[in-house]
Amino acid sequence: ARYCIRCGTEYHYTYHTYAHLGGFVCPHCGYARTAPQVAVEEILRTGADGSTVRLGFAEPDGSRSTCTADIALPALYNIYNAAAAIGAFEAAGLPRADILSSLTKISSSFGRMETFAPDGVPVQMILIKNPAGANQSLEYLCGLDEDFQAVFCLNDNIADGRDMSW
């Protein structure tokens, strides 16, 4: 969000991860981002096959712990999707070890970082539906260390909405 949910003043951000996500504080009333239960503390590796991150956890006794996790989907937004999934899993009272091990086996749904190999040539399809997704997809591509060719396709089919203005 751009404006404080309590008083309407524009937030001051100390950092941005992407889009409107990051550390915010309202300079008028002091409302601020709360400390997360699950946090991405460091991105150790990224690539077309996935990422490795160090996660931090707020434990029930007030202490903090960390662990390293492998996520089998690439791109920064999938790292944050994984952190959200861990948070939801723990909020449901399920064991952290189960969700962490499942992240190494996760696969994409149709078009969302889907990888396939027609005639043995690896292809990764990245579905984009909004400006934030476009920015993150381009950021992902710019961060790849390996050579690649990019093909951009655009449709204006009704299922995806008819607004291509962005």
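**Cores and salt bridges in a predicted model**

Leaving aside residues up to four places away in sequence, isoleucine 71 touches Asp49, Gly50, Ser51, Val53, Asn78, Ile79, Ala82 and Leu103. Isoleucine 71 belongs to the largest nonpolar core, which has 14 residues. Within this core, Val40, Val53, Leu55, Ile71, Ile86, Leu100 and Leu103 touch the most other members. Two or more residues each are given to the core by strand 3 (38–47), strand 4 (50–58), strand 5 (64–71), helix 1 (76–91) and helix 2 (96–102). Helix 1 supplies the largest share, four residues. Apart from this core lies another, of seven residues, including Tyr18, Ala75, Tyr77 and Leu141. In soluble globular proteins, nonpolar side chains tend to be buried together.

Attention now turns to the charged side chains. The structure holds seven salt bridges. One of them pairs arginine 64 with glutamate 41, with 3.7 Å between the closest N and O atoms. Because arginine 64 lies in strand 5 and glutamate 41 in strand 3, this pair ties together parts that are 23 residues apart in sequence. Both partners count as partly exposed: arginine 64 has a relative accessibility of 45%, and glutamate 41 has a relative accessible area of 37%.

A salt bridge also joins the side chains of arginine 54 and glutamate 42, at 2.5 Å from N to O. Here the tie is between strand 4, which holds arginine 54, and strand 3, which holds glutamate 42, so parts twelve residues apart in sequence are brought together. Arginine 54 is partly exposed at 29% relative accessibility, and glutamate 42 is likewise partly exposed at 35%.

A further salt bridge links arginine 96 to glutamate 90, whose closest N and O atoms are 2.3 Å apart. Arginine 96 is partly exposed, with a relative accessible area of 21%, and glutamate 90 is also partly exposed, at 24% relative accessibility. Through shared partners, salt bridges join Glu41, Glu42, Arg54 and Arg64 into one network.

Finally, glycine 22 deserves a look of its own. Glycine 22 sits in strand 2 (residues 21–25). With a relative accessible area of 10%, glycine 22 is buried, because its value falls under 20%. Not counting residues up to four places away in sequence, glycine 22 touches Tyr13, Tyr15, His16, Thr17 and Arg33. Between the C-alpha atoms of glycine 22 and serine 109 the separation is 27 Å, with the two residues 87 residues apart along the chain.

Note on methods: Residues numbered from 1 in each chain as written. Predicted model: local features only at pLDDT ≥ 70, side-chain atom pairs only at ≥ 80, totals over all residues. Heavy atoms only, no water. Buried < 20%, exposed > 50% of the residue type's maximum accessible area, 1.4 Å probe, protein only. Contact = heavy atoms within 4.5 Å. Core = buried A, V, L, I, M, F, W, Y, C linked by side-chain atoms within 4.5 Å. Salt bridge = Lys/Arg side-chain N within 4 Å of Asp/Glu carboxyl O.
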